[in-house]
Amino acid sequence: MPLSRQDIVRLYFEYVDHRDVRLMDLYTDDVELLFPKFGSGKGKADMQRFGEKMGAMLNWLKHDIEGLHIIEAGDTVVVEGRVWGEMSDGTAFPDGTVSQGRFCNVFEFEGDLIRAVRIYEDPDFPSTDQARIDALR
């Protein structure tokens, strides 16, 4: 029995958390990416480059896969969730005060493959952007 799109999304987060190269098998060849501060990318090579950059910033990452809120509409799957992790310098996140570890991803599918993922998350995971924190608090 083939996986549902919601199951594929859960698998996506498992692969991300485990830095599993099978993540690339979930994408179309021309997959599109959007992530704050990274910008946009197209194709598996850009996805791999993004993964390498994130991997260099992080020691580990863990998504609350069981607690994901998933909404499916046509070829689009929207996911809201929580994430925890540790930066490469050992700083844990979220801090629970400024950062809450919340994210929203919008996936577009082509059949059983992800053709686009737009990740809406503040990339200042450990809340070090003090100028913006001071301006907003």
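**Salt bridges in a predicted model**

Let's start with R118: its relative accessible area is 24%, so R118 is partly exposed. Buried here means under 20% relative accessible area, exposed means over 50%, and partly exposed lies in between (1.4 Å probe, protein chains only).

R118 pairs with E108 in a salt bridge, 2.9 Å from N to O. By salt bridge I mean a side-chain nitrogen of Lys or Arg within 4 Å of a carboxyl oxygen of Asp or Glu. This pair links distant parts of the chain, 10 residues apart: E108 sits in strand β7 (residues 102-110), R118 in strand β8 (residues 113-120). Shared partners bring in R115 as well, so that E108, R115 and R118 form one network of salt bridges.

A word on the model. It is predicted: local features need pLDDT of at least 70, side-chain atom pairs count only at pLDDT 80 or more, and totals for chains, interfaces and linings use all residues. Residues are numbered from 1 along each chain as its sequence is written, and side-chain values use heavy atoms, with hydrogens and water left out.

How many salt bridges does the rule give? Nine.

Next, helix α2, residues 44-57. Helices are DSSP runs of H or I, at least four residues; strands are runs of E, at least two; both are numbered from the N terminus. D46 and R49 both lie in α2, three residues apart, about one turn of the helix. Their closest N and O atoms are 3.6 Å apart, in a salt bridge. D46 is partly exposed at 21%. R49 is partly exposed too, at 37%.

Last pair: R22 and D20. Their salt bridge has its closest N and O atoms 2.6 Å apart. Buried or partly exposed? D20 is buried at 19%, while R22 is partly exposed at 44%.
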